[in-house]
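User: I have a model open on my screen and would like to learn how to read it. Could you take me through some of its features?

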Amino acid sequence: IEQHLSERVKKMPISRLAPEDLQRQFNAIAGSHPRTADLLRSVLRSSFNKAVKLRRMPSNPVLATDPVQYTQKEAATFTADEAMRFLQAADGDRLGALFMVALSLGLRKGEVLGLKPEDVDLDGRVLHVRRSLAWVKLPGDDEQGQWMERPPKRNSKRDLPMTDTIYRAIVRHIARRQEDAATTKGWRDSGFLFTSVTGAPLHQRNVTEAFRKLCTVSKVPTIRFHDTRHSCGTLLHVQGADPFVIQRVLGHSQLSTTKRYTHVPMEITRSAVTGLEMLIEVARKNQE
């Protein structure tokens, strides 16, 4: 709203706000940034629904506007070979365990940053996803921002198994973390599993930068950090995991969302089409 709504509309009393005012805004933005226009419409729709419930306005003007039409871009994902090369490069990195958890278990960036040592059950080899951490600036804040812990998205609290590889990576990370706490001057324990070199929570932009560097070092495509979730879902799908299991791992509330995270690689499609061709050829030979 702050960045994309015009000053004229911002200053307008909500009781006088007409659908035409909003439609012009959505149309103007949708020409170059359709996804932004769609998000703006969603935020306003939700906000005005609340205003109607509070009887601050008689009806929601967004409901009389046309939905924003846009085609969602296909997410980029790692192949199994690329995932292997990336994790090999991450193995010696200070945040290697973070990247292994994100890629192997499909955690959102805020979820992996929000992990605390007590969320790691080494005896049971289970990882508990209980919160999300983000650096946010709230309206009216004089300071630049603040850390905020939030519950994960709906149905995203989950318990995930640690494989032997994840277990070893986390054990090494915990040992390194304890060494840093004992030897680093100015260390202040923020209580999170993955921290900066001084024990502070990790900023998302720093994690993104470290992730991109590892992509370059491992000579794999530089995908978005969030695409590690798509990669996790896709690689689980390729090996035949049940869709409901993938939904559970990724923490989706609806199976329809999980379907958007499971992409079929070209080599799998090619293999299936080739198999169909061979099947038809066998049938043709049998007729002869």
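Analyst: Happy to; we will go through a helix, its surroundings, some aromatic rings, the nonpolar cores and a few loop residues. Please keep in mind that this is a predicted model.

User: Let's begin with the helix. How does the span of α8 compare with what its 14 residues should give?

Analyst: The idea is to count 1.5 Å a residue and compare the result with the distance between the ends. Helix α8 covers residues 204–217 and should span 20 Å; its end C-alpha atoms are 20 Å apart, which agrees.

User: Which residues of α8 are buried?

Analyst: Here we look for a relative accessible area under 20%. In α8 that picks out V207, T208, F211, L214 and C215. Looking down the helix axis, these buried residues fall within an arc of 125 degrees, so they line one face of α8.

User: And which exposed residues does the face turned away from the buried side of α8 carry?

Analyst: That face carries R205, K213, T216 and V217.

User: What do the buried residues of α8 pack against?

Analyst: Their partners are four helices you can pick out on your screen: α4 (80–90), α5 (96–105), α6 (109–113) and α9 (227–238).

User: Now the aromatic rings. How many aromatic pairs are there?

Analyst: Rings are paired when their centres lie within 6.5 Å, and by this rule there are seven aromatic pairs. Take F78 and F86: the ring centres are 5.5 Å apart and the planes meet at 35 degrees, so this pair is tilted. F78 and F86 are both buried.

User: What about F211 and F225: how are their rings arranged?

Analyst: That aromatic pair is edge-to-face, with 5.4 Å from centre to centre and 75 degrees between the planes. The pair links distant parts of the chain, since F211 is in helix α8 while F225 is in the loop between α8 and α9, 14 residues apart. Both F211 and F225 are buried.

User: Which residues do ring pairs link into a cluster?

Analyst: The cluster consists of F78, F86, F99, F211 and F225.

User: I also see charged side chains by some rings. Where do the charged ends of K116 and R125 sit?

Analyst: For this feature, look at the charged end and the ring centre. The charged end of K116 sits over the ring of F192, 5.3 Å from its centre. For R125, the charged end sits over the ring of Y167, 3.8 Å from its centre.

User: How should I think about a nonpolar core?

Analyst: In soluble globular proteins, nonpolar side chains tend to be buried together. In this model the largest nonpolar core has 45 residues, of which F78, F86, L98, F99, V101 and V112 touch the most other members. Two or more residues each come from α4, α5, α6, β2 (126–129), α7 (164–183), α8, α9 and α10 (243–250). The largest share, eight residues, is from α5.

User: What does F86 touch, leaving out residues up to four places away in sequence?

Analyst: Counted that way, F86 touches F78, F99, L103, F211, L214, C215, S218 and V220. There is also a second, separate core of 15 residues, and its members include V9, I29, L40 and L44.

User: S218 was one of those contacts of F86. Is S218 buried or exposed?

Analyst: S218 has a relative accessible area of 8%, so it is buried. Its place is in the loop between α8 and α9. Leaving out residues up to four places away in sequence, S218 touches R85, F86 and A89.

User: Which residue follows α8 with a positive phi?

Analyst: That is K219, with a phi near 60 degrees, although K219 is not a glycine. K219 lies in the loop between α8 and α9 and is exposed, with a relative accessible area of 70%. R55 is another non-glycine with a positive phi of about 60 degrees. R55 is found in the loop between α3 and α4 and, at 78% relative accessibility, counts as exposed.

Definitions and conventions
Residues are numbered from 1 along each chain as its sequence is written. This is a predicted model: local features need pLDDT of at least 70, side-chain atom pairs count only at pLDDT 80 or more; totals for chains, interfaces and linings use all residues. Side-chain values use heavy atoms; hydrogens and water are left out. The expected span of a helix is 1.5 Å times one less than its number of residues. Buried means under 20% relative accessible area, exposed over 50%, partly exposed in between (1.4 Å probe, protein chains only). The arc is that of the directions from the helix axis to the C-beta atoms. Contact means heavy atoms within 4.5 Å. Rings of Phe, Tyr and Trp (its six-membered ring) pair if their centres lie within 6.5 Å; planes under 30 degrees apart count as stacked, over 60 as edge-to-face and the rest as tilted. A charge sits over a ring if NZ of Lys or CZ of Arg is within 6 Å of the ring centre and within 35 degrees of the ring normal. A nonpolar core is a set of buried Ala, Val, Leu, Ile, Met, Phe, Trp, Tyr and Cys residues joined through side-chain atoms within 4.5 Å.
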